[in-house]
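Hi everyone, thanks for making time for this. I'd like to walk you through a structure that may be new to you, so let's get it up on the screen.

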Amino acid sequence: MKLRSSGYNRGLSRHMGECRGQHYHNISEEESTRFKNVQKVSIVPLVFLIFYEVSGGPFGIEDSVQAAGPLLAIAGFLIFPIIWSIPEALITAELGTMFPENSGYVVWVSSALGPFWGFQQGWMKWLSGVIDNALYPVLFLDYLKSGIPALGGGLPRTVAVLILTVGLTYTNYRGLTIVGWVAVFLGVFSILPFIVMGLVAIPRLDVSQWLVVDFSNVDWSLYLNTLFWNLNYWDNISTLAGEVHNPKKTLPKALLYALILVVVGYLFPLFTGTGAIPLDRELWVDGYFSDIAKMLGGIWLRWWLQGASALSNMGMFIAEMSSDSYQLLGMAERGMLPEFFGKRSQYGTPLIGILFSASGVLLLSWMSFQEIVAAENFLYCFGMILEFIAFIRLRMKYPTAPRPYRIPLDTLGCILMLIPPTILIIVVLAFASFKIMVVSLFAMLIGFILHPFLNYIERNQWLRFSMISDPSDFQGADHEDAHSLIS
């Protein structure tokens, strides 16, 4: 990786992330030669990293029952993965193996739509991820405050958020392999109490309760936001592709296994809770599964499940921070951000990216749960629209480019596959409150200003930017030499 010196030829300069080379240049391979001692992530930790990027367990899905009743809640977690999760996971598998590097969805959009929109994708996705991550320290303390009332507010809570954020940030600093195996441990610990609860509930199951529905009493906004929040972010793992062992084979398999784990992990507790306990929709709020555990198994099962809930938030935090920080590193490697964002620690982790992501979490931790979910959903929707357009554009523009994993549909079939999730995005955006719209659009405006501002800094040589081979320009590549495009 070459760096611009203060005396570089202005005639050779280019806008950040612009595509000009004839072949795709794999940044992850170049970086691996510089950090030979950094262990790559294998498939088992990768599955649980995806699990925590997307889900983290059924904690938080209780609102779907309160909003729409058992039948619609169960149907939602059956149908929504088909409409949304599977298409998003398939796109991630195809493009993540086509561009196996840490900039992930940023390089997808840059290659298809140009550097400006690639930067906007990176800005919206990073901000959405940081907003999402601000939720987890707060939720962790919410689970503990029943036993430690002092954590309910004031200075003790603020100090606890700070200590928790610093501690989890340090885990990310020590290396992605450590983060991956911590995610495996936390995932197993979080899933086990629901398996026990389901087994205990078998004698009390009443199948007819699964079919209860009242279409005249449905909170569609809460229902859709709950489904969307619990089943998105499949593409986040793409920003870790450069740290994965043999991503061209490992990534598609890990996405498949994680998809099964996530969907089963939602449906099993829903069938248990709605079938074994008399229905009272008003009681189905965040944390109600712990009450169900007490009713079915006793206080010991409740404490186990509450502990699993708290630790699950830790797992989601470290997985989300990993994606956010490696995304900034990948953007720096592509010349979209100043070179110092590409600085790695002695453990091979993105030092500056981790610090920036942690700072964003602390600044946003004052937001309420509902505001966090709505704001991140709004920004995430715009990012996904760009991803869908980029995916189709790459299919049409570079049909013969090598794709180690290719969705078994032609371009028209892919367009048809993306119609339902696009409609869903429009519906989610339409349900956003005016306040969330204004705040989110203002955040997007900052991205529109930030890109030309960084270009100005680059032209005036105020900061150093990486100058590397551009991500992709597949023009001129025919079917015969397509195998040489990724090297």
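The chain has 16 helices and two strands. As for how the chain comes together, take the contacts between residues at least 6 apart in sequence: 86% of those join residues at least 24 apart.

Now, a word on confidence. The average pLDDT of the chain is 84, and 85% of the residues score at least 70. Which elements have the lowest and the highest mean pLDDT? The lowest belongs to strand β1, residues 2–3, with a mean of 38, and the highest to helix α10, residues 247–276, with 96. Over residues 1–23 the pLDDT is below 50, although the model gives this stretch 74 contacts beyond near neighbours in sequence. Residues 472–487 also stay under 50, and there the model has 41 contacts beyond four places in sequence. Where pLDDT is low, the predicted coordinates should not be read in detail.

Let's move on to helix packing. Two packed helices are described by the angle between their axes and the distance between the axes.

A second pair is helix α7, residues 154–173, with helix α13, residues 351–364. These pack at an angle of about 160 degrees, with their axes 10 Å apart. An angle over 145 degrees counts as roughly antiparallel, and α7 and α13 are therefore roughly antiparallel to each other. This crossing is right-handed. In α7, Val161, Leu162, Thr165, Thr169, Asn172 and Tyr173 meet Leu351, Ile354, Ala358, Val361 and Leu362 of α13. By class, that contact of α7 with α13 has eight nonpolar residues, three polar and no charged.

Next, please find helix α4, residues 105–113. How many of its nine residues are buried? Eight of them are, so to speak the helix is mostly covered. The buried ones are Tyr105, Val106, Val107, Trp108, Val109, Ser110, Ser111 and Ala112. Just after α4 comes Gly114, with a positive phi of about 105 degrees.

I'll finish with two single residues. Thr272 sits in helix α10. Is Thr272 buried or exposed? Its relative accessibility is 5%, so Thr272 counts as buried. Setting aside neighbours within four places in sequence, Thr272 is in contact with Met197, Gly198, Ala201, Leu205 and Leu296.

The other residue is Gln306, which lies in helix α12, residues 299–333. Gln306 counts as buried because its relative accessibility is 13%, and the cut-off for buried is under 20%. Gln306 and Pro193 are 113 residues apart in sequence, yet their C-alpha atoms are 9.5 Å apart in space.

How values were computed. Residues are numbered from 1 along each chain as its sequence is written. This is a predicted model: local features need pLDDT of at least 70, side-chain atom pairs count only at pLDDT 80 or more; totals for chains, interfaces and linings use all residues. Side-chain values use heavy atoms; hydrogens and water are left out. Helices (H or I, at least four residues) and strands (E, at least two) are DSSP runs, numbered from the N terminus. Buried means under 20% relative accessible area, exposed over 50%, partly exposed in between (1.4 Å probe, protein chains only). pLDDT is the predictor's confidence in each residue, from 0 to 100. Contact means heavy atoms within 4.5 Å. Axes are lines fitted to C-alpha atoms, for helices over the stretch in contact, and angles run from 0 to 180 degrees between N-to-C directions. Angles under 35 degrees count as roughly parallel, over 145 as roughly antiparallel, 65 to 115 as roughly perpendicular and the rest as oblique. A crossing is left-handed if the near helix is turned anticlockwise from the far one by less than a right angle, and right-handed if clockwise. Ala, Val, Leu, Ile, Met, Phe, Trp, Tyr, Cys and Pro count as nonpolar, Asp, Glu, Lys and Arg as charged, and the others, Gly among them, as polar.
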